[in-house]
Amino acid sequence: MSHTADLEHDIGEVLLSEEQIAAKTAELGARISEDYAGRSLTLVSVLKGSLPFMADLMRQITLPLRIDLMEVSSYGGATTESSGLVRIMKDLSASIVGEDVLLVEDIIDTGLTLNYLVRYLRGKNPASLKICTLLDKPARRLVDIPVDYVGFEIPDQFVVGYGLDYGEQYRNLRFVGVLRPEVYTAHE
Amino acid sequence: MTDPVPATGRPAFAHASEAELARILDFYDVRWAYEPDTFPIAWNLDGDVIESFSPDFYLPDFELYVELTTLKQKLVRKKNRKLRRLRELYPDIRIKLFYARDFRMLLLKFGRLALHEELSGTTGQSTPPRPAAEESFHATPGHEPAHVAALDAIADDGTAGADDEVPGPLDPGVGAAVPDATRREGRGRRRGKRRRRPAGQAPAIPVEAARPDPGAQPA
């Protein structure tokens, strides 16, 4: 608890409270349940940031469903210099051929990772592929991809919490907050 | 995945931040071309181009131009004015301006904020040789030639970037607007249409457009 309190000290503003996130997740779950009724739904989540949202969202969907997890390397990560390309760190554990796939994201900003994943997943021949994100930061968009389910459109600020990290920290915050600039400028 | 188009070598980036953005795009397998097009944006009364704008990147799969500026916000007035003029004259093109703050946040996202200072403003500028025909799509990263590697070492001569405020080698006139023969056919046709303006057919605001606009605000 004291660890969480320290993390919270680095937050300049709580952008989305735990209650707001829960309400929105329930709303999205209800919509998805309605839209996918009678279909074969697979939720695909992208580690690590989407984990809390995925866990909450799947429990708000009232349909039979499968889940799967993927992890891809990020630019600037340990693998960047060696390969120069996105690497699939963890691939799907089962085929999605003929499945209705919903890609669950924590946040979409540049759209670069999402663009890569969408092309990758389309190559696996699902029956359909749609995108659900908790947070959308359109001001930061570099490549446009239509997003089917958006929880919150957020301003152009660096946010952490509820799965989102800075330097692998803050993921365990129960809310989404704006990180104080002095936190990351101190590490420059 | 996209069909890789063989790269003929990395372009000579005018700024180290552009080289970094190119690496990011390569990493995510996004095809790009570096300064493939020059758009005339001001003409004199004789119809000669007196000002042009060359967006830094074109992303063909998204039909999007990207202009990257790492100058401080108060210094981007000129670029904002040129961008506004570009949008007036060519309303059908899509262009995204990345300010210094945007680039900083991009580096922050990728945990490379420490690079920001050395990739920003005049510090990151360079004027390497820029052969006119050295332009191609890049779908796969490769080893960069020595002149790009030199950019990474951050040369600092404090000179301006690629967009010419006054006529220069990139915009000697309408003739410069003919699409490069090395470009892909579809793209050349589309953009060539925009660029060709017969001599003597000056736009509505030929000279005024070249004046600084003190009221310009960031887009």
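User: Why is helix H3 of chain B largely enclosed by the rest of the structure?
Analyst: Eight of the 10 residues of H3(B), residues 100–109, are buried, so the helix is largely enclosed. Buried takes 20 or more other C-beta atoms within 10 Å of a residue's own, with C-beta atoms placed from the backbone; 12 or fewer is exposed, and in between is partly exposed. Helices (H or I, at least four residues) and strands (E, at least two) are DSSP runs, numbered from the N terminus. This is a predicted model: local features need pLDDT of at least 70, side-chain atom pairs count only at 80 or more, and totals for chains, interfaces and linings use all residues. Residues are numbered from 1 along each chain, chains are lettered from A and ligands numbered from 1, as written.

User: What do the buried residues of H3(B) pack against?
Analyst: Helix H6 (181–185) of chain A, plus H1 (16–27), E5 (64–68) and E6 (94–98) of chain B. Among those buried residues are Phe103(B) and Met105(B).

User: How many residues of chain B are in contact with chain A?
Analyst: 20 residues of chain B are in contact with 21 of chain A. Contact means C-beta atoms, placed from the backbone, within 7 Å.

User: Which element gives the largest share of chain B's side?
Analyst: H3(B), with four residues.

User: New topic. In what order do the strands of chain A's open sheet run?
Analyst: E1-E9-E8, with antiparallel pairing. Strands pair if DSSP finds at least two bridges between them. The edge strands are E1 (11–16) and E8 (159–160).

Terms used:
Contact = placed C-beta atoms within 7 Å.
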